[in-house]
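Please look through the sequence and the structure shown here, and then read the report that follows with both of them in view.

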Amino acid sequence: MEFLNTFINGLSVGGVYAMIALGYTMVYGIAKMLNFAHGDIIMVGAYLIVLFLPINPIVAIIAAIILCAILGIFIEKIAYKPLRGASPLAVLITAIGVSYLLQSLAQIIAGPNTYYPDPLSKLFPEFMGEPTYGIITIGSFSIKLSTLITLICVAIVMTALTLFVKYTRTGRAMVAVSEDKGAAQLMGINVNHIIMITFAIGSALAALASILTTFDASKVSTTMGSLPGIKAFAAAVIGGIGSIPGAMLGGIILGLVECFAQAVPAIAPYTVTIEFSLLIIMLLVKPTGILGKKRREKV
Amino acid sequence: MAMLEVHDLEVYYGVIRALKGISFEVNKGEIVTLIGANGAGKTTTMQSVVGLIPKRSGSVIFDGHDITKTPCHKIVHLGMTQVPEGRRIFQELSVYDNLLMGAYSMKNQSSFKSDLEAIYTRFPRLAERKNQIAGTLSGGEQQMLAMGRAIMSHPKLLMLDEPSMGLSPLLVDQVFEIIKDINKDGTTILLVEQNAGKSLAISDRAYVLENGSIVLSGTGNELASSEMVRKAYLGG
């Protein structure tokens with residue numbers, strides 16, 4: 001039972017990493033850049049929840065997702081688009097700059113306070129209070145409501161995204177652009193438009209990830225996006241950066257490793273060390289990641 | 001009437017002047033070929049005409065529109081489609097999805113099914129392999145797919161960059177037959193080839209490109225019998 005609980009927790013934590021990792025990997029696949037401001041979208045999403053929660057929890061969730069998608073498009077337009085064709089280093093430095101900019105703006109606007117928005121207790125006030133405290137018990141098995149919702153959301157998002165990429169014209173165009181921008185343009189595909197859609201999807205997923213994080217009543221602060229952001233980046237690389245199933249797999253693996261490491265008292269303090277060691281080992285053994293393909297360089 | 005007019009086109013790669021102000025035209029219904037050695041500027045010409053490579057100066061008029069500054073993805077909508085050098089099919093997508101991408105520019109998707117059927121009739125091998133990942137096709141099949149993908153957009157002008165490259169002699173003949181067929185169906189063709197003999201034989205007119213300049217032009221027959229072309233491109 002202990003094992004099963006840890007496993008389910010790992011799936012749920014990993015699912016959130018996977019959701020964030022999808023943003024990194026899709027943007028990398030299509031715009032060939034590492035968007036290091038991606039983690040801070042999580043933070044912005046969480047503050048939007050704090051801001052809109054007094055109005056209505058459902059409104060807060062929808063607003064956070066939509067506004068983060070718009071923010072993603074906006075950042076791409078003003079910060080990254082002018083650098084299309086510039087050296088990768090210039091784009092990388094810009095992304096780090098955007099990351100600090102978002103953190104500083106949040107600090108100025110929201111002040112130094114930390115918040116605990118806990119939207120779940122607003123959504124299900126009865127259930128989150130006594131006597132269950134948000135825990136569903138079936139026989140000897142129990143699961144937190146937040147974990148259950150996270151698992152459901154992750155399953156829906158991954159299925160929807162996979163179907164979108166596989167079976168829609170826009171989804172196929174995304175794969176085409178990630179493979180060969182020039183040939184895609186020759187087909188009449190507007191590459192800028194596809195990049196914009198990619199940023200919108202990635203940022204909306206980051207917002208959703210942040211909402212799921214706040215479901216666990218975690219705190220909201222200006223630097224809260226950094227660690228999950230960097231872990232999700234590690235997950236994307238482990239799975240194979242640029243690969244959508246890779247990001248899903250990498251996220252789940254990292255979440256499972258994290259939860260199982262935390263379950264063993266002797267190694268629990270080294271959880272983060274173990275997670276990033278996994279990244280280093282992967283880079284040494286198979287730098288392209290589990291599902292990554294070696295791309296032939298075009299002359 | 002000229003369908004494509006290129007005037008004084010100049011292209012630079014950094015400080016290197018790759019195209020030194022070339023002018024040519026393609027009339028409606030014609031097959032026109034640009035021949036030349038490796039590095040003469042053939043692919044540069046093709047790619048700069050559609051806006052894949054920036055032009056330094058000059059102008060391009062297509063079907064009455066000035067497309068000199070039109071972004072590449074909009075040109076397809078006007079009716080000019082290119083089969084690029086090296087085919088550049090989408091390796092990770094299936095044959096079907098490649099054809100779907102070919103039809104991406106079609107505003108009206110209602111003709112998609114019948115267009116697809118027409119492609120499968122013209123290229124039966126593609127029908128057999130429609131669900132196969134394109135990267136696993138043979139070179140000849142990939143060339144068929146690249147041509148099929150381009151035709152899906154109903155081009156008025158089809159540009160083909162080295163369609164015979166890397167193919168066996170039998171397949172080369174087949175590719176040239178298909179090009180003639182497409183032309184008979186009413187599509188104007190601009191062809192770039194190193195295989196001067198075969199391409200001149202099917203061309204109405206041709207231009208010889210050397211070091212970024214057009215040095216000779218004439219009908220296919222004239223060029224095929226010209227002393228200079230025979231020496232340089234037809235092996236004496």
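The model is predicted.

## The two chains

Chain A has 13 helices and two strands, while the secondary structure of chain B comes to ten helices and ten strands. The table sets out some overall values for each chain.

| Chain | C-alpha extent along the principal axes | Buried residues | Accessible surface | Part from carbon and sulfur atoms |
|---|---|---|---|---|
| Chain A | about 65 × 45 × 35 Å | 50% of 299 residues | about 13800 Å² | 71% |
| Chain B | roughly 45 × 40 × 35 Å | 55% of 236 residues | about 9900 Å² | 51% |

For chain A, the radius of gyration is 19 Å, which agrees with the value near 19 Å that a compact globule of 299 residues would have. For chain B, the radius of gyration is 17 Å, and this agrees with the value near 18 Å that would belong to a compact globule of 236 residues.

In chain A, among contacts with a separation of 6 or more, residues 24 or more positions apart account for 75%. In chain B, 67% of the contacts between residues at least 6 apart in sequence join residues at least 24 apart.

## An open sheet in chain B

Strands of a sheet pair through backbone hydrogen bonds, and the pairing may be either parallel or antiparallel. In chain B, four strands form an open sheet with antiparallel pairing, and their order is S2-S1-S4-S5. Strand S2 (16-27) and strand S5 (65-66) of chain B stand at the edges of this sheet and have a single partner strand each, so one side of each is left without a neighbour in the sheet.

Within the sheet, strand S1 (residues 2-13) of chain B pairs with strand S4 (residues 57-62) of chain B in the antiparallel sense, over five bridges.

## A parallel pair in chain B

Strand S6 (residues 80-83) of chain B can be read residue by residue: Met80(B) and Gln82(B) point one way, Thr81(B) and Val83(B) point the other way, and all are buried. S6(B) runs parallel to strand S7 (residues 157-161) of chain B, and four bridges join the two. Here the bridge partner of Gln82(B) in S7(B) is Met159(B).

In the loop between S7 and helix H7 (169-184) of chain B lies Glu162(B). Glu162(B) is not a glycine, but it has a positive phi of about 55 degrees. Is Glu162(B) buried or partly exposed? With a relative accessibility of 5%, Glu162(B) counts as buried, because buried means under 20% relative accessible area.

## Two further residues of chain B

Ser48(B) is found in helix H1 (residues 42-49) of chain B, and it counts as buried because its relative accessibility is 0%. When residues up to four places away in sequence are not counted, Ser48(B) touches Leu9(B), Val11(B), Leu19(B), Ile53(B) and Lys55(B).

Pro71(B) has its place in the loop between S5 and helix H2 (72-78) of chain B. With a relative accessibility of 37%, Pro71(B) counts as partly exposed. Although Pro71(B) and Gly51(B) are 20 residues apart in sequence, they are 6.0 Å apart in space, C-alpha to C-alpha.

Note on methods. Residues are numbered from 1 along each chain as its sequence is written. Chains are lettered from A and ligands numbered from 1 in the order in which they are written. This is a predicted model: local features need pLDDT of at least 70, side-chain atom pairs count only at pLDDT 80 or more; totals for chains, interfaces and linings use all residues. Side-chain values use heavy atoms; hydrogens and water are left out. The radius of gyration is taken over C-alpha atoms; the globule rule is 2.2 Å times the number of residues to the power 0.38. Buried means under 20% relative accessible area, exposed over 50%, partly exposed in between (1.4 Å probe, protein chains only). Contact means heavy atoms within 4.5 Å. Accessible areas come from the Shrake-Rupley method with a 1.4 Å probe; for residues, only the protein chains shown count as cover. Two strands pair if DSSP finds at least two bridges between them.
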